[in-house]
Amino acid sequence: MAYSPSGASPIPRTAVSSAAVAVCGLLLLTGCGGTSSAEGKDGGGKLRVGVLFPGSLSDDGFMESAYLGYQRAAKTHRGKVDFSKVEQVAPADYEQALVRFATKSDLVVSLGGQTDAAVRKVAARFPQVKFAEIGGPADAKPLTNLALYDPQQAEGAFLAGAASALLSEKGTVAFVGGAELPAIVNAAEEFEKGAKAADPKVKVLGPQYVGDFNDAARAKQSALADFGAGADVLGQILNLGHKGVAQAAQQRKGALIGGPIAHKCGTEAAYAGYVETDIGAEIEYAVDRLAAGKWKAESVRFGLTFEEPHNDIVLCEKPDASAQKTLDELKSKIAAGEIKTR
């Protein structure tokens, strides 16, 4: 991924309740939370924003970080903008959910590169509606009504790689990602670049892709394989799956870099630090500009090079002076544009 709701552990859901959430979200869109948009696009003269969260709002990861921004935006624009959301949507239903939002919204926001194909298809069908995709392919191009916001997960992965290399006692680190999407593959490459920039001698194992951001059991298997191959610090881009990596780290006396939501150091065993990435700031960015009449279909890169940086690295144990200096220098080079992550 600092944020007050983030300290809470994800809330377990039964299979029945999860199914109910998905059905409720797709059929009603607003009945599962957010302000009702039943009046239609022009009801009450308010602007209307619909947000597709493919995953769980309590995943302690990308989706929850985004949801915190959704809540902040709803509070900021209370009385002027009506918000609707749907969570835990199956890939086969992305298009249906986006279409239902598009029929009654001024702005539709989709979270995650896994929604890229669906949001582009729906945006083309509804040229009068504004769309924003957060976390899509880094090299993608916006459409006339589709803005692309890059939370710079690759930048965060670079910092995680650097921190992992500086913290590693065995001189071997590794990266575990969720789905093998372009943005995640790129993040894995930047993790290795960050590790090598911090310590040219460090060994970086080949990246592991779990196939699902929320599968803690499979993530644990991948992490155990990395620890078994000699790594002692792991970077990751997972949602609920990071819990499995933490379990493996405890079992093998290793460590991991958490994020995008930072927790208080010491409250979670095996976490050597956290990458902070405020995904929700991008929802706020889109809604603020919509409300001000300044929204446009643009590509925006957030992170350390943005006006208000939303990425950072927090280490739980203060490294030695040399290691801290190296990390600070790398951050400064990113902020200055001397190091580019993409």
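This is a predicted model: local features need pLDDT of at least 70, side-chain atom pairs count only at pLDDT 80 or more; totals for chains, interfaces and linings use all residues.
Modeller: Residues are numbered from 1 along each chain as its sequence is written, and side-chain values use heavy atoms, with hydrogens and water left out.

Colleague: What makes a residue buried, and which ones cover the two faces of S6?

Modeller: Buried is under 20% relative accessible area, exposed is over 50%, and partly exposed is in between (1.4 Å probe, protein chains only). Thr172, Ala174 and Val176 are buried on one side of S6, and Val173, Phe175 and Gly177 on the other.

Colleague: Why is the pair of phenylalanine 53 and tyrosine 70 called edge-to-face?

Modeller: The search of the whole structure gives eleven aromatic pairs. For phenylalanine 53 and tyrosine 70, the ring centres are 5.8 Å apart and the planes at 75°, so the pair is edge-to-face. The cut-offs for rings of Phe, Tyr and Trp (its six-membered ring) are centres within 6.5 Å, with planes under 30 degrees apart stacked, over 60 edge-to-face and the rest tilted.

Colleague: Why do phenylalanine 53 and tyrosine 70 count as buried?

Modeller: Phenylalanine 53 has 0% relative accessibility, so it counts as buried; tyrosine 70, at 3%, counts as buried too.

Key. Helices (H or I, at least four residues) and strands (E, at least two) are DSSP runs, numbered from the N terminus.
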